[in-house]
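Open the model in your viewer and keep the selection tool ready. This tour moves from stop to stop and says what to select at each.

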Amino acid sequence: MAIITFWSSSKKQTGQTMSLAAIATSMAIEHNYKILIISTKYNDNSLELCFGGTDKNKKLINRLISNPTVTVDSGIEGLSKMVYSGRMTPEIIQNYTKVIYKNRLEILYGYREATDRPTKDEYMKIRDKYKDVVQNASRFYDMVFVDLDKGLENDMIRQVLSISDVIVYNVEQKINMINEFVKLKNENDKKQTRNLILNIGRFDSFSKYTIKNISRYVGIRRDITAIPYNTLFFEAASEENVADLFLKIRNVSESDRNAGFMKAVQDSVQKIIYKIQELQMMM
């Protein structure tokens with residue numbers, strides 16, 4: 001049961017959430033894994049724009065329960081009540097997720113502002129419990145993908161990184177961002193960084209910062225992934241249509257304009273799976 005955390009020390013845009021969404025969706029389709037995506041971010045709707053919100057699910061549940069005045073929270077808001085009452089179990093997490101592909105892919109959305117509940121202060125309390133949520137989820141799901149806050153400013157980020165089996169460090173094709181990864185790598189010994197994968201979001205094949213050149217520059221031979229910019233994907237990621245898109249273009253011909261994108265995503269999936277297997281053999 002592996003925890004794969006997408007993260008960056010930089011606060012700049014890196015395509016982190018889009019890369020995670022593409023890789024996790026492809027993995028769910030192509031491999032027999034039960035996968036959960038967890039967002040730790042505050043008031044960020046990026047994943048909801050990719051896969052759709054939870055309002056429909058909440059309305060359905062509220063119609064089914066005996067007391068129509070009782071509201072049911074989904075996502076981390078609802079699950080946090082179980083955490084604080086000491087009733088969270090690995091199995092109960094699925095009651096608060098959005099199902100994308102049955103028995104394959106689910107999402108636990110992060111904390112969102114709402115008019116009927118406290119906002120930032122309540123999130124700060126919930127944030128301290130993310131490590132427990134991720135650990136419990138890893139006992140029920142085969143793969144847990146965490147879309148983690150950027151930087152190292154709070155204990156929650158450090159805690160989640162410490163329990164992650166694989167850390168996918170996200171950059172764009174900019175030398176200053178690549179240098180931040182090199183600095184991180186050099187400031188820690190090899191044992192601490194052996195679970196790192198470098199991911200380049202919104203990859204442009206015409207840039208001088210090719211995979212080959214970046215690999216040579218950072219001193220990594222295998223552990224580099226790249227998710228190219230793709231028009232269909234980025235449109236789908238703003239129209240709640242990512243799940244359908246991947247089902248439609250998963251087997252496109254080599255001559256199709258989307259073939260390069262799909263190959264890059266599938267290659268990234270394989271590299272993550274290989275890294276997990278490699279680390280398991282070292283234990």
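Begin with the aromatic rings. Rings of Phe, Tyr and Trp (its six-membered ring) count as a pair if their centres lie within 6.5 Å. By this rule there are 12 aromatic pairs. Planes under 30 degrees apart count as stacked, over 60 as edge-to-face and the rest as tilted. Select Phe 6 and Phe 145: they form a tilted pair, 6.1 Å centre to centre, with 40 degrees between the planes. Phe 6 sits in strand 1 (residues 2-7) and Phe 145 in strand 5 (residues 143-147), so this pair ties together parts that are 139 residues apart in sequence. Helices (H or I, at least four residues) and strands (E, at least two) are DSSP runs, numbered from the N terminus.

A word on the model itself. It is predicted: local features need pLDDT of at least 70, side-chain atom pairs count only at pLDDT 80 or more, and totals for chains, interfaces and linings use all residues. Residues are numbered from 1 along each chain as its sequence is written, and side-chain values use heavy atoms, with hydrogens and water left out.

Stay on the pair. Buried means under 20% relative accessible area, exposed over 50%, and partly exposed in between (1.4 Å probe, protein chains only). Now select Tyr 229, Phe 233, Phe 234, Phe 246 and Phe 261, which form one aromatic cluster.

Next, select helix 4 (residues 75-84). This helix is mostly covered, with 8 of its 10 residues buried. Among the buried ones are Ile 76, Glu 77, Leu 79 and Met 82. What do they pack against? The partners are strand 4 (105-108), helix 5 (120-127) and helix 6 (130-137). Contact means heavy atoms within 4.5 Å. Just after helix 4, find Gly 86, with a positive phi of about 75 degrees.

Move to helix 1 (residues 16-30) and helix 13 (residues 259-282). They pack at an angle of about 80 degrees, and their axes are 9 Å apart. The two helices are therefore roughly perpendicular (65 to 115 degrees) to each other. Select the contact: Ala 22, Ile 23, Ser 26, Met 27 and Glu 30 on helix 1, and Val 265, Gln 266, Ser 268, Val 269, Ile 272 and Ile 273 on helix 13.

Now the interior. A nonpolar core is a set of buried Ala, Val, Leu, Ile, Met, Phe, Trp, Tyr and Cys residues joined through side-chain atoms within 4.5 Å. The largest one has 46 residues, and Leu 79 and Leu 148 are among those with the most contacts inside it. Helix 7 (residues 155-163) gives the most to this core, with 5 residues. Apart from it lies another core, of 45 residues, among them Phe 145 and Phe 234.

Zoom in on Lys 41, in the loop between strand 2 (35-39) and helix 2 (46-51). Lys 41 is buried, at 11% relative accessible area. Not counting residues up to four places away in sequence, Lys 41 touches several residues, including Tyr 111, Asp 147 and Leu 148.

Last stop: Asn 258, in the loop between helix 12 (242-249) and helix 13. Asn 258 counts as buried, at 6% relative accessibility. Its C-alpha atom and that of Leu 232 are separated by 8.2 Å, though the residues are 26 apart along the chain.

Terms used. Axes fitted to C-alpha atoms, helices over the stretch in contact; angles between N-to-C directions. Parallel < 35°, antiparallel > 145°, perpendicular 65-115°, else oblique.
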